[in-house]
Amino acid sequence: MKNLFSIYFLLMASLLQGIPDKAISQTPQQKVNVIFFLTDDHRYDFMGFTGKVPWLETPAMDQMAREGVWVKNASVTTALCSPSRASILTGQYAHTHKVVDNFSPLPPQLSFFPELLKRSGYRTAFMGKWHMGNVGDEPQKGFDHWESFKGQGVYFNPVLNINGEKQTYSDSTYITDLLTEHAVKWIQQQSGKNPFFLYLSHKGVHDEFMPAPRHRGRYANQKINYPSTINITASEKSKIWGDTLISPTRSIAAMDSNFNIYDIPQWVISQRNSWHGVDFMYDGRINFDEFYRRYCETLLSVDESLGTLLAYLRKTGLDSNTVVIYMGDNGFLMGEHGLIDKRNMYKESHQVPLLIYGPGLIGKGIVLDQVIQNIDIAPTILDIARVKIPSPMQGRSFYPLLQQKNKDWRNQAFYEYYWEFSYPQTPTTLGVRKGRYKFVFYPGIWDISEFFDCQTDPEEKKNLYRHPSFQSIIADMKKELWQWLEETGGLQIPLKPIKELRIDHGYKGLN
């Protein structure tokens, strides 16, 4: 513990060295600065204060929750990188903005909320992972300052496109630390005459997980608490069906009387022995325990980055006029339902961390239970900046909730994911979470839908879709799902051309 924190504070001190205590003078009459801090694949509960992983240390996130607002039920409308990022920037659902997968080109007519901030006098900057609509690193509209890399990027020795010019870094430069350093320097360069908006988008914690050298092996000997749904097998499901396939030993899941093994969708059973399943994850290149611990170790530098920015704001006095928003672009399963990755609507994939910090501007130590989604980020930031929210945005500002001024809010969250050629194991998924219930529909495949009571079954292991007591609720939620799609123009599957890799498999059929 001491070693981790000493390195953490040394890193912050080196970045903050030479910055005067009041580098930028601002008055209450000025518009509020905003920092949007986005991470990749950070699931909603892997933060120290939640207690999910007892040994995981995230002091900066803990501070944000303690001194700001934790949105407990934050979720995304699509649990996939590019669609989620497009929803954040546009305030729209994927079927509206049309960036439905990681390869779809950006429609030229799309408008991003930083464009509106820039027009209203904000200085704007983007730093980090773009990965939306294309795999390039070219500067995008709405930003005065730009730093990015191609595609997923790399953890070590990156090549950054800085305002149109390529800059190569060597000597084991770690991308999280580099972006943090550049973010602090950019804020330092702001004169205070204009408010600023910084979009800091980290690569971490995307696979392949590579922790900073100072964090390697930090959790090598820590015990992993496996989810109760990790061990269900196809053989066990067959046993429930009365088939001849009998597992010699039953897993914890199979012995759990609250686990409805009979009604697990077949695609879930099949996927566990695939690229995104625990039985053959990433074609067997890594075992689950190492995968789990590396994820947590890689997250440490992300938390340090957040801590560095918070420390800078406090040192300069900017914290009194700056709102910091921390969010993940989607969740990530760690063995739940026998799966890893995201894309589906299970809780660990669907929900994301969302923390907001702004002393004097928002409430302190507040836990919001309202259903807030990524489409709400753009209108909220515009609201904070006192910029008019355009009508094409389908999200809603939750800024009043942060100030405890308005409790009127929706109680449902819609979800969509469209089948990808590159990862065919996960089917097209449509769903709605309303209050305590969640309904999930898989169009286009011969499989069972899912319905969960999330209040009595937080692990989503008892599919109640066939249960006679819930048929009227299911019917109502089905109706709401289709009504949402109809009202928002989502009743057409947004197909995109796909570049297939054609390989000669040695076919020797008839001419």
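Predicted model: local features only at pLDDT ≥ 70, side-chain atom pairs only at ≥ 80, totals over all residues.
Local features here need pLDDT of at least 70 and side-chain atom pairs count only at pLDDT 80 or more, while totals for chains, interfaces and linings use all residues. Residues are numbered from 1 along each chain as its sequence is written, and side-chain values use heavy atoms, with hydrogens and water left out.

Trainee: How far apart are the end C-alpha atoms of helix α14?

Mentor: Helices are DSSP runs of H or I with at least four residues, numbered from the N terminus, and α14 covers residues 471-487. The expected span is 1.5 Å times one less than the number of residues, so the 17 residues of α14 should span 24 Å. The computed separation agrees, at 24 Å.

Trainee: Within what arc do the buried residues of α14 fall?

Mentor: Buried means under 20% relative accessible area and exposed over 50%, with a 1.4 Å probe and protein chains only. In α14, Ile474, Met477, Glu480, Leu481, Trp484 and Leu485 are buried. Seen down the axis of α14, with directions taken from the axis to the C-beta atoms, these buried residues line one face because they fall within an arc of 130 degrees.

Trainee: Which residues of α14 are exposed on the other side?

Mentor: The buried residues of α14 are covered by elements including α4 (94-97) and β15 (412-417). On the other side of the helix, the exposed residues are Ser472, Lys479, Glu486 and Glu487.

Trainee: Which residue takes a positive phi just after α14?

Mentor: The helix α14 runs over residues 471-487. Just after α14, a positive phi of about 75 degrees is taken by Gly489.

Notes:
Helix = DSSP H or I, 4+ residues; strand = E, 2+ residues; numbered from the N terminus. Contact = heavy atoms within 4.5 Å.
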